[in-house]
Amino acid sequence: MFKDNTSVPTFKTAITSQERPTNRETLLLKAYRYMCQARHMAATYEANRSLCKYVHSASSGHEAIQVAAGLQLLPCDYASPYYRDDSMLLAMGFAPEELMLQLLARADDPFSAGRSYYCHPSSRAEDRPLIPHQSSATGMQVIPATGMAQGVRYLESTAPGTLRSGPEGQLPVVLCSLGDGSVTEGEVSEAWQSAVLWQLPIIYLVQDNEWGISAGAAETRAMDAYEYAAGFKGLERMRVDGSDFEKSYQAMETAIHYVRTERKPILVQARVPLLGHHTSGVRKEWYRSAEDLAEHARRDPVPKLRRLLLEKGIKEADLVTIEESAGRTVAAAFEIAENSREPEPESVDTHVFAPAAVTGEAGQRAPGAGRKVVMVDAALHAIEEILQQYPEAVFFGQDVGRRLGGVFREAATLAEKFGDHRVYNTAIQEAYIIGATAGLSAVGVKPIVEVQFGDYIYPGFNQLVTEISKSCYLSAGKFPVQTLIRVPVGAYGGGGPYHSGSIETTLLSVKGIKVVYPSNAADMKGLMKAAFLDPNPVVMLEHKGLYWSKVPGTQDAMTIEPDKDYVLPLGKGRVVLPAHPKDVQQGNSACIITYGMGVYWALAAAKAFAGQVEIIDLRSLYPLDEALVYASVSRHGKCLVLTEEQLGNSFAQALAARIQQHCFRFLDAPVHTLGALDLPAVPINTTLESAMLPTPAKVEKALRELLAY
């Protein structure tokens, strides 16, 4: 166990010259320059509050530990700073004007093009550590950062040539910075569990200033991060006075070298004063006492380092020169940022998604020598072919690994074929399963993950919303998250209230993700391949009742298996059943817009209206094939939108409203909708389940009413 920064442990390999500068005096002067720049920046923002109108935080009080960390990271490393880390960014090599362009939300903001807050970096600069999109949600960055370490570990063992290394061959590390208050988030626990379980090369730097916003440490936590970390066996830990630059530098030198050489996680807890406001919008004088402010001021790291430099013989005049130079640098940078251009309004909807990789159907959908397969096998074969073709692909989730191969056998034999390093189980932690994919994607790994049932996606919703969905947009296209998230959904056969849910409306309320929903084996395989290749996050909803075609009337979900090259672009629907042209011409027809199990309810009901019904299988809910939907509705003049979800405030009702708006002049009747009853859950009793859900008989009744208009 590392003590409170009293000694540097002995390691297998000596610390390199890159990591230990030979001239300590030069290092201290460099650190002082960065700390002075950061302090001048904070003062400039405070003096120009009318210009600095967007909410921001500064690193005043945190400078020593941040500069100590930033100076020692290499361009081959990965970092996840948090919203108070501007000193760390300066030490990494970012110029003050780069940070200020984001502060003022200008078009040339290199991180987000004016879309995100100050000190929310995202960078692929070759001469600095890679930094993916950073959100404001406290503690949420710990899972994506740990995902980066998971990706580094995987590539290190399978494709080391794809990882950058340091000038002396140093292996990369991941630095995750966070405040002590955020450690109480449950997702931090999920990340630390995974880091220890898989022995990942990551440093968790916890900056403890003893404040959240207005709540102090004593009233919000039972222990600090160092004490909490003791419960994670295998997570090394250190404490350091983060206001003392020399001690901070030594601590970070020790931690970084430990992770570089031992390839294991470590936590560094740095106690620091908070000298500024929580944010520009939450002023320190609103809730902090004069005594508290004075106590924190006594630990100010800038005068501490200044006194040390004087003790080491640096002349007062030389320090004044550094301070004045820092002031001039900051003033010039602020002028550049202030006079820079505002974003063009036309740019507001750019970079929501990266361009799709698959834009057209390709390969053979029904090869001549092919055989029929059930949907679950089509998915299994698709994943197997992906793993064969793409060594950077991995597949993980609860129970998908060796022994079981998924609760629906959707991953059967994959771990045996590709190894436990590529197909493996996780703990029961949906947040980690989903959120880690942001970090994996950032380092070049292509993850496929599974949430065991749709009802259990909600613990992972923070990660899906705050990290994954916003990454491409808020990084101005630099960090789309390439991930395929598989989710079994739907009700049949008494699955009960926690294994039968439909979640598409909830997912579709999140912008920045794609959602697909195949209804047969051929679509399953084609969409699976296209979703994997898409550089954006895709959630694939897979109806459990269609997996094996065991539900009466779903035999057509079995199809000839497409060949290995078959891909089906996202956003393309399909006419499952056309209406007879004569009925269409006479105005006796209607269309059903549906997906998933709804396709089979619609097919069964349509038998009572031979030639009068056209059925559209959406296949993709976002992007949506609006052209196909509107063309069908305009042709028939009567439309039923059918869903398995509870109907109230659903995607189906929203789609009906859009149809009504776009096709109003062609309609001969109001757009009808049919879905499950608006109950809190699907009851386990099969009679009650059937009473809640749509059925062919209910669809037939709705069609009869619609056609009667």
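Gly637, with a positive phi near 80 degrees, follows helix H22 (residues 626-636); helices (H or I, at least four residues) and strands (E, at least two) are DSSP runs, numbered from the N terminus. The model is predicted, so that local features need pLDDT of at least 70 and side-chain atom pairs count only at pLDDT 80 or more, while totals for chains, interfaces and linings use all residues. Residues are numbered from 1 along each chain as its sequence is written, and side-chain values use heavy atoms, with hydrogens and water left out.

Within H22, the buried residues (under 20% relative accessible area; exposed is over 50%, partly exposed in between, with a 1.4 Å probe and protein chains only) are Leu628, Val629, Tyr630, Ser632, Val633 and His636. Their cover includes strands S14 (574-577), S15 (590-594), S16 (613-617) and S18 (639-646), as well as helices H20 (581-585) and H23 (651-663).

An open sheet is built from 5 strands in the order S1-S2-S3-S5-S4, with parallel pairing; two strands pair if DSSP finds at least two bridges between them. Strand S1 (78-80) and strand S4 (236-241) each have a single partner strand and stand at the edges, so one side of each lacks a neighbour in the sheet. On average, neighbouring strands of this sheet are turned by 15 degrees against each other, direction ignored.

Strand S3 (residues 202-208) is mostly covered, with 7 of its 7 residues buried. Ile202, Tyr204, Val206 and Asp208 point one way from S3, whereas Ile203, Leu205 and Gln207 point the other way. Strand S2 (residues 174-179) runs parallel to S3 and is joined to S3 by 6 bridges. Val174 stands opposite Ile202, and Leu178 has Val206 as its bridge partner. Helix H9 (residues 245-262) packs on the sheet, touching S2, S3, S4 and strand S5 (266-271), and its direction makes about 165 degrees with that of S4.

A further packing arrangement involves two helices. The axes of H15 (residues 430-443) and H16 (residues 461-474) come within 9 Å and cross at roughly 5 degrees; axes are lines fitted to C-alpha atoms, for helices over the stretch in contact, and angles run from 0 to 180 degrees between N-to-C directions. H15 and H16 are therefore roughly parallel to each other, a term for angles under 35 degrees. The contact (heavy atoms within 4.5 Å) is made by Ala431, Ile434, Gly435, Thr437 and Ala438 of H15 and by Gln463, Leu464 and Ile468 of H16.

How values were computed:
Parallel < 35°, antiparallel > 145°, perpendicular 65-115°, else oblique.
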